[in-house]
Amino acid sequence: MTQATSKRALLDVRDLKTYFTIGKTGLFQAKSQLKAVDGVSFEVREGEVLSLVGESGCGKSTVGRTLTQLERATGGRADFDGQDILAMSPRAFRPLRRQIQMIFQDPFASLNPRRSIEQTLAEPLFIHKLARNWAEARSKIVETLEQVGMDPKVMQRYPHEFSGGQRQRIGIARVMILKPRLVIADEAVSALDVSIQAQVLNLLKKLQQDNGLSMLFISHDLGVVRHISDRVAVMYKGRIVEMGDKSQIFENPQHDYTRRLLASIPRIAQKAA
Amino acid sequence: MALLEVRDLEVGVAIGGKVLPVVQGISFDVEENQTLGIVGESGCGKSLTSLAIMGLLEGSMLRLTGGSISFNGQDLLALSPRARRAIMGDQMAMIFQEPMTSLNPVYRIGDQIIESLRQHRSMSQRQARARAIELLDLVRIPDPERRVDSYPHQLSGGQRQRVMIAMALACGPKLLIADEPTTALDVTVQKEVLDLMLDLQKRTGTAIILISHDLGVISETCDKVVVMYRGKIVESAKTATLFSNMSHPYTQGLLASIPVVDHDVEWLNAIPGRVPLIDEVLPGCAFHPRCSFAQASCATSPPSADYVSDDHLVRCHFPNDRPSGGEAGGDA
């Protein structure tokens, strides 16, 4: 978490655009375009956490989904380790999927309820040929579960047997088991209660530091963002309105929208009696 | 006499022929013109407490198993369902967390406000419509004469929550219960909605119960705070007292868990472990498995709720007997 400025960019996004065609709003109106992401440029450097922060509908999640090819980019480029991933065919992109992994918000919806934790964690290992047999897979699963603070004995259990916080740990284990280079975390702790959120945030930060991960951390929660980021980009209506080191954004915000966002957060202070 | 007096409220859930207690021994008062905050994590019983007060537990696995609720001098539990329904939506109203699911998608928003007015006030359709427009204007919906004919899907999340507030305020309730009213909203909209509620309170003197998991929201809006853990009040006090003199390890842990925006912290002081399940039997203090100050007696005997000073109630065996600067244990 030191001197991220001197490090080289792992992901370099230039003028990214993702437009959606939306249906007619009236009988005589033409189909219109929703410019969800409209010319966004940033880089995520080796071993740093860049946060994308903004309110619902600002396009921050669409950026993450476009970079993992869950949405199609309308324009721009995104160089990962020197290769433009937006120009790749899905087949060509597949080997890179191991290196670019995503953690989602909803730990209830993102685990298959009919697969045990062992099956859930083994599948990506076999797909990406990181394990040749079950014995190899199992030893990696044990190691990863320990890494995310879970007892490896839970392997035989199913998602419904776990609380929200534990499910999110499993979600993180599924990502970490692939030893990715870039993790895109989309509101990864937003659905959790504050005491559990703190546990999972500490875990994410520790894994990031221990493994020198690069992370694109997408969140609406400025407190969480301050805790985990090295640099912050503030998005508003599909564009980045301000980007800088964490201290600059939080101590000396320049853009009106950033200031308004910071001023809106309820502070723990006593109400005048 | 306070407007609302809740005494020893108990709610149970019927599972497999047994009734397990999920809310126990809840007592508090809410005065006119006052905002009471109820704070706690999911599953601590804060929403069940509000549903019990509103009389909305019937028809589910949940039931009121004990206690009394007195509103405006009347014993609510002694009233016939019909008499109680006349109070609901009129003198007592509720705002729910998710404005999209609590508004009917196939009716115009104006008609949904008018329904309550026609039900409780013998207004003509024309009078009720005029009042609905007034209410939409009051909650700062732009262009209310046109918006009154909008459907819920044509409004933004913040606007829908304002419509919910307008519906709740339609009959000028004495008590408004807001269950996580801003949790689904963006921070800038959250601030507008909370300011609006407090502004309306100033003008009408409505008592508010604000349920939230967010200590920031609670500290900025409430006069008194009740902290719940696993169905019981673990600490309650005036807001100023609570935030200057937090005494329960759970309340302290909740505060320490919040990543703050105003300065940097390397590691958050997370509360270890998790909230116990409802069928887990804990003979002592329900928080002791997660508490870094727990002693042997905490596991065996349940603490009683005692006043440590005027109006400051704490349910802990060792409320003042801990090393200073008490924090919940760290977790990495």
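Helices (H or I, at least four residues) and strands (E, at least two) are DSSP runs, numbered from the N terminus. This is a predicted model, in which local features need pLDDT of at least 70, side-chain atom pairs count only at pLDDT 80 or more, and totals for chains, interfaces and linings use all residues; side-chain values use heavy atoms, with hydrogens and water left out. Residues are numbered from 1 along each chain as its sequence is written, while chains are lettered from A and ligands numbered from 1 in the order in which they are written.

**Figure 1. A:Pro113 sits in a loop of chain A.** The loop runs between β6 (100-103) and α3 (117-127) of chain A. A:Pro113 is exposed, with a relative accessible area of 59% (buried means under 20% relative accessible area, exposed over 50%, partly exposed in between, with a 1.4 Å probe and protein chains only). Apart from its neighbours within four places in sequence, A:Pro113 is in contact with A:Tyr158 and A:Pro159; contact means heavy atoms within 4.5 Å. A:Pro159 is 46 residues away along the chain, yet the two C-alpha atoms are separated by 5.6 Å.

**Figure 2. A:Gln166 belongs to helix α5 of chain A.** Helix α5 covers residues 164-176. A:Gln166 has a relative accessible area of 27% and is therefore partly exposed. From the C-alpha atom of A:Gln166 to that of A:Met150, 16 residues apart along the chain, the separation is 8.0 Å.

**Figure 3. Helix α1 of chain A is mostly covered.** This helix spans residues 60-67, and six of its eight residues are buried. The buried residues are A:Lys60, A:Thr62, A:Val63, A:Gly64, A:Thr66 and A:Leu67. Just after the helix, A:Gln69 takes a positive phi of about 60°.

Figure 4. Chain A has nine helices and 10 strands. Along the principal axes, the C-alpha atoms of chain A fill a box of roughly 60 × 55 × 45 Å. Buried residues make up 52% of the 273 residues. Of the contacts in chain A between residues at least 6 apart in sequence, 68% join residues at least 24 apart. Chain A exposes about 12500 Å², of which carbon and sulfur atoms supply 48%; accessible areas come from the Shrake-Rupley method with a 1.4 Å probe, and for residues only the protein chains shown count as cover.

**Figure 5. Helix α11 of chain B is mostly covered.** Seven of the nine residues in this helix (residues 249-257) are buried. They are B:Pro249, B:Tyr250, B:Thr251, B:Gln252, B:Gly253, B:Leu254 and B:Ser257. From chain B, α9 (215-221), β9 (224-229), β10 (232-238) and α10 (239-244) pack against these buried residues. Chain A also takes part, through α6 (194-211).

**Figure 6. B:Ala78 sits in a loop of chain B.** The loop lies between β5 (74-75) and α2 (81-87) of chain B. B:Ala78 is exposed, with a relative accessible area of 61%. The C-alpha atoms of B:Ala78 and B:Gly43 are separated by 28 Å, and the two residues are 35 apart along the chain.

**Figure 7. Confidence along chain B.** Chain B averages a pLDDT of 89, and 96% of the residues score at least 70; pLDDT is the predictor's confidence in each residue, from 0 to 100. Among the elements of chain B, strand β3 (residues 35-39) has the highest mean pLDDT (97) and helix α3 (residues 99-102) the lowest (78). Over residues 324-332 of chain B, pLDDT stays under 50, and the model has 21 contacts beyond four places in sequence for this stretch. Where pLDDT is low, the predicted coordinates should not be read in detail.

**Figure 8. Chain B as a whole.** Chain B holds 12 helices and 12 strands. Its radius of gyration is 21 Å, close to the 20 Å that the globule rule gives for 332 residues, so chain B is as compact as a globular protein of that length. Buried residues make up 49% of the 332 residues.

Technical notes:
The radius of gyration is taken over C-alpha atoms; the globule rule is 2.2 Å times the number of residues to the power 0.38.
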